[in-house]
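Please look over the sequence and the model shown here before reading on.

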Amino acid sequence: MIPAFKKLGILVLVTGLLLFFGCSERENPAGPQISEGLDYTGSFYDSVSFWGNLSGDLTQRNIGVYTPPGYDPTNTNARYPTLYLLHGFWGNERYFLDYFSLKEIADEMISRGEIKPMLIVTPDASSKLGGGFYTDSDSMMTAAVEYTVYYEYTGYDSMGNPAGSTAVKDTAYAELTFTGEYETYIWRDVIEQVEAAYTVYDGPWWEYTSFDNLGQPLDSVQHTRPARDYRATGGHSMGGYGAMKIAMRHPDLFTSVSAMSAPLAFNLLIEHIPDVYSENGITVGDSVGYYALSPSQAKPWTTLFFSMGAAFSPHSLSELDTTYFHRLAPADQGFVGVDFPFDPDGDTSSTIWNKWLSEDVTTMLDTNPTRFAAALDSLEIYIDCGADDQFEMNLHAEAFDAALTSAGVEHDSPAYYSGYGNLPANNFNYIADRLRAVLKFHSGNFPDE
Amino acid sequence: MLRKMTVLLWLLSFLSFLLAASSLAGGFATSGVGSKAVGMGGAFRGLADDWSAVYWNPAGLAQLESSVVNITVMATSHRGEYTPNIKLGEGSSLYEIGFKNGTRWFHKDEISVFPNAGGFLKLPGVKGMTAGVGVSLNHDLNFRWDLFDPPVGYKNTVEYPEVDHSTRLRVIDFHPSVAKEVVENKLFFGAGFSAQYCEMDLRKTEITPNLQLDPTTGDTIWLPRPLDHLYTDVAFEGKGWGYGFNAGLLFKLNPKFQIGVSYRSGTTVKLEGDTKLDLYLPQNAGMEQYFLDRGTAEDTSFAELFKGGLLSTRPDAELDLKLPADVGVGIAYIPNDKLTLTADVSFTQWDQLELLELELEGMTPVGDSAENITIVTNWENTVRFSAGLQYVFNETVTLRGGYYYDPSPVPDETLSPLFPDVGDKNSFNLGGSMFLGDYEVSYNFEYISFWDRDIDTLSDPNGDGLFDNYTGSYKMNSFSSLFSLTYRF
């Protein structure tokens, strides 16, 4: 009797222990703690790059600046690498922030340690025709132009905030371009304005090491941080093209460059001349229809040719009407407009087309490999594209990839994104996801502290 | 000593009642009914000598030597965990859609407690006839998970619920039965009618392509990620009845060897209730401004879809839940007065459960007529092997042990945390009884070890463009306690 109860007691003990371990409360991990940065979009000052442009595009441009979690403008010891991220056609400085959740993605990736804390600068390169193609359009003349020096506040509300202002203007002589110097604006004005306002790696800097009893610095140590290593540029579509071109021409400024779905081989655009005819419902040889072409968002290829024409082949004011001229202003203002690279019969003008090609990165590399292969060799390069790009930018990526290989530039092959389900991998559907790869790429190329 | 042990057993039973753990057998079935039967691994069709024969083999009820009343308390605790890895796209284009990938998540630890009961009378005046009713919980699930939040960039302005995937299922079987000794001490027959009351809650995140048409042109608008999907919190609550039967035969070849066979019909439970559809809208200033700039009244109205917020409706819903039929055969070998050995093989027709289709009647949150929501299951039939033993120490104490192997009916292509029968199961049981006069106090502890399962590929077996399984890593253990008190009279 008793041994049986002992065995039963052992059974009770064993099952009791198993019960205890089988019923303990389990804790799920806390959710990811995402620290938030700031996305400031503000007006800086008039950029000489746009003074007096004939197309009436903005001269005072906003710049978006994402500052990472923990960024403190008063802490000059903390320096941050900077990515200059250029928007695509019909975009502006809010392009990545508003459409593609740049801030939220950067916050998450920085909080998870997937990328280094960095500033991400998103300039505005918009134009009335959709975008300036990050190109300095031709100078038309030199003239005196009025520009805003600063704003003088004329009133304040009850909280002491400015309630009104007056622009204090001055006049200076400037080169008047057709639509602006978008390329110079990025590599000169934007970088200058950002590096003046934010604690970024902007070259040598001094750290104070001792202070007097009034807090004034007595001694300092000079640090040398090569600013180039902490700057990068990239962009989407038109912005990817702009980033690649600016980095090729200014490899001293950037350590890495990325291009998403970018027009990197203009020769492929020729094949889309028929699209201009078809989306306007005209046929080759219809000169009336040809000269009546006008840009609109509903006609992407037509608008693209107008916009690229404004950037690469604005009609010279000194010339009268030509076969290729498309007017963009009332006749009483003269011959203000752009030259298309093809005539009503769809035949290309080698003169005008060569102007376009002079700004084409593949042509630049092919025709001047000594300069540009060396420039690209000094850069880390990332290229990607959707496999279903409606503008066939995947072919552009392939062509530029081949040009890089031919020139002996060390680089990774482009990444081609595919769609899922009903969502094609077109020009912009997957930007939010590809941004992650782009941020990781640039972050990985910034030096570790 | 006897008194102390009795108190200890009661305490342990009470502890298990409060804390305990439970078992999940194939699909969403429990391991079975009755402390003794479950304690012998469910190898009971050939023995069937207590009240739980109503579940295993009703023919065995005719063996009962006296009338009997039993109450059993089941306490159930599953120990599941799931590490999601759900991404859409392919190759280098994989992207996340809001599942909390890469982190091991536990479902909420909850213990479900349910009493089973049975009462059977030896009918006076009818020799060898027993009749009565059993009430048992035959199917049970209780899983609540926090697995999802809309992806970064969706910027829903209303916080997504913490519990976003859950299943609660209880099927209670009211089972009047009758059994007759057909050939004295040789052949027994029994049958029962099954009225099954079911309550079911089901909650999941419905991820649907955001295929909007341009309000002006009528063309499809390709919305950039993550606006390309809409996220709806779908929560169904329903209850209803289903009806079936079971029947069995028990044949005693000789005093040492007997064999039983039983069949349980499939049952379709008609669940009626409603489904809450909460659509969490994204906030995207770019898209909102884009449509506002176009200026038409339709565009302005369309821009509202990008301002965040929550749209909610609650259409009526019906769901046919098909519970499987099963058939089994068991043997019992009783070499002497002390030892009993049993073994069973049973076949469960889980392939009746091809899908769960929520038939909705009402409007969607955006004002369209609600379409049915389908959860594809495509479960597969299973064969379970069970073995058990019982050893009578003395007239007061009896110990039991049992084991069964039961494959998972859930294929890789439909496995999800909603029905986390993650892998083939090995169940180990240990228990016993104390006989105190007309009373029998029994306890059984069950531990089920599930095989781990990793699902690598999203599947869409019904080809509707939506994935029907959840990729990632699954683990599960299950603990079960059954305490029962039997009175014979």
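The structure is a predicted model.

**The two chains**

Chain A has 449 residues, of which 46% are buried, and its secondary structure comes to 13 helices and 14 strands. Chain B has 489 residues, with 49% of them buried, and its secondary structure comes to 5 helices and 25 strands. Along its principal axes, the C-alpha trace of chain B spans about 90 × 40 × 35 Å. If one takes the contacts in chain A between residues at least 6 apart in sequence, 71% of them join residues at least 24 apart; for chain B, the share of such contacts that join residues at least 24 apart is 72%.

**A mostly covered helix in chain A**

Helix 5 of chain A runs over residues 238-249, and its 12 residues reach 17 Å from the first C-alpha to the last, which is close to the 16 Å expected at 1.5 Å a residue. How many of the residues of helix 5 of chain A are buried? The count is 11 of its 12 residues, and the helix is accordingly described as mostly covered. Among the buried residues are Met238(A), Tyr241(A), Met244(A), Lys245(A), Ile246(A) and Met248(A), together with the glycines Gly239(A), Gly240(A) and Gly242(A). Ala243(A) and Ala247(A) of helix 5 are buried too.

Against which elements do the buried residues of helix 5 of chain A pack? Their partners in chain A include the strands 3 (82-86), 9 (231-236) and 10 (256-260), and also helix 4 (182-197), helix 10 (361-367) and helix 11 (369-377).

Two packed helices are described by the angle between their axes and the distance between the axes. The table gives these values for two pairs.

| Helix pair in chain A | Angle | Axis distance |
|---|---|---|
| Helix 6 (273-280) and helix 8 (300-312) | about 125° | 7 Å |
| Helix 3 (102-111) and helix 13 (431-445) | about 45° | 10 Å |

With an angle of about 45°, helix 3 of chain A is oblique to helix 13 of chain A, and the crossing of these two helices is right-handed. On the side of helix 3 of chain A the contact is made by Leu102(A), Ile105(A), Ala106(A) and Met109(A), while helix 13 of chain A brings in Ala432(A), Leu435(A), Arg436(A) and Leu439(A). By class, this contact of helix 3 with helix 13 has 7 nonpolar, no polar and 1 charged residues.

Helix 6 of chain A and helix 8 of chain A are likewise oblique to each other, with a crossing that is left-handed. Here the contact is made by Asp275(A), Val276(A), Glu279(A) and Asn280(A) of helix 6 of chain A, which face Trp301(A), Thr302(A) and Phe305(A) of helix 8 of chain A. By class, the contact of helix 6 with helix 8 has 3 nonpolar, 2 polar and 2 charged residues.

**A buried proline in a loop of chain A**

Pro344(A) lies in the loop between strand 12 (337-339) and helix 9 (350-357) of chain A. Is Pro344(A) buried or exposed? Because 20 other C-beta atoms lie within 10 Å, Pro344(A) is buried. Leaving aside neighbours within four places in sequence, Pro344(A) is in contact with Gly285(A), Asp286(A), Ser287(A) and Tyr290(A).

**Backbone details in loops of chain B**

Ala48(B) counts as buried, because it has 32 C-beta neighbours inside 10 Å.

With 19 other C-beta atoms within 10 Å, Asn378(B) is partly exposed.

Finally, a cis peptide bond, with omega about 0°, joins Arg225(B) and Pro226(B).

Terms used. Residues numbered from 1 in each chain as written. Chains lettered and ligands numbered in written order. Predicted model: local features only at pLDDT ≥ 70, side-chain atom pairs only at ≥ 80, totals over all residues. Helix = DSSP H or I, 4+ residues; strand = E, 2+ residues; numbered from the N terminus. Expected span 1.5 Å × (residues − 1). Contact = placed C-beta atoms within 7 Å. Axes fitted to C-alpha atoms, helices over the stretch in contact; angles between N-to-C directions. Parallel < 35°, antiparallel > 145°, perpendicular 65-115°, else oblique. Left-handed = near helix turned anticlockwise from the far one by under 90°. Nonpolar A, V, L, I, M, F, W, Y, C, P; charged D, E, K, R; others polar.
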